[in-house]
Amino acid sequence: MLTVRPFITNRYIAALLPVYGVALTHAYVIVSSPPPQGADMTIEYALLVFITLPVVIVTLGAVYFMWNSKGKQDDDSDENAFDNASAPSETISDEPTDQKTETQPEVDLVTEEEKANHIDKEHTPNRNEKI
């Protein structure tokens, strides 16, 4: 890939581009060069058998696999929707939880209580002490 964003996003169609490029190159060579001396075939026959037929078969295969993968993606999305519906809501949540902000108030409360207890201990006499 020469760019970050591909021109063709479907991988099956993108895979057919080199096939068509090689087929056009071979067709040009067949048309521009004379046939072999011992072969009794015409240019049309050579183009049909050696270029058109393989390209049609590969294209049909790509279309079949593309159609077959769409069916699997639809099935997978249906199964995922069912799994997500039966899962607890905590696992489905896509929002990141910021634990620092959630635990911070608890820490602040604990430190405030410790400070208050420490101040109370300093100002109140010990029961065992005699004044």
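How much accessible surface does the protein have, and what share of it belongs to carbon and sulfur atoms? I looked this up before anything else, bearing in mind that the model is predicted, and found that the accessible surface comes to about 12000 Å², with 60% of it belonging to carbon and sulfur atoms.

**Entry: overall make-up.** I counted four helices and zero strands in the protein, and reading along the sequence I noted the pattern α-α-α-α. Of the 131 residues, 8% count as buried. I also looked up the contacts with a separation of 6 or more, and residues 24 or more positions apart account for 57% of these.

**Entry: helix 1.** I checked the length of helix 1, which covers residues 11-32: at 1.5 Å a residue its 22 residues should span 32 Å, and the end C-alpha atoms, at 33 Å apart, agree with that.

Which residues of helix 1 are buried? I found Leu16, Ala23 and Ala27 to be buried, and, looking down the axis of helix 1, I noted that its buried residues fall within an arc of 40°, so they line one face of the helix. On the other side of helix 1, I found Arg11 and Tyr28 to be exposed.

**Entry: aromatic rings.** How many aromatic pairs does the structure hold? I found two. One of them is formed by tyrosine 64 and phenylalanine 65, whose arrangement is edge-to-face, at 5.5 Å centre to centre and with 65° between the planes. For tyrosine 64 and tryptophan 67 I noted ring centres 6.3 Å apart and planes at 50°, so this pair is tilted, since edge-to-face would need an angle over 60 degrees and stacked one under 30. Taken together, the ring pairs link Tyr64, Phe65 and Trp67 into a cluster.

I then asked where tyrosine 64 and tryptophan 67 sit relative to one another in helix 2. They are three residues apart in that helix, which runs over residues 43-86, and are therefore separated by about one helical turn.

Conventions. Residues are numbered from 1 along each chain as its sequence is written. This is a predicted model: local features need pLDDT of at least 70, side-chain atom pairs count only at pLDDT 80 or more; totals for chains, interfaces and linings use all residues. Side-chain values use heavy atoms; hydrogens and water are left out. Helices (H or I, at least four residues) and strands (E, at least two) are DSSP runs, numbered from the N terminus. The expected span of a helix is 1.5 Å times one less than its number of residues. Buried means under 20% relative accessible area, exposed over 50%, partly exposed in between (1.4 Å probe, protein chains only). The arc is that of the directions from the helix axis to the C-beta atoms. Rings of Phe, Tyr and Trp (its six-membered ring) pair if their centres lie within 6.5 Å; planes under 30 degrees apart count as stacked, over 60 as edge-to-face and the rest as tilted. Contact means heavy atoms within 4.5 Å. Accessible areas come from the Shrake-Rupley method with a 1.4 Å probe; for residues, only the protein chains shown count as cover.
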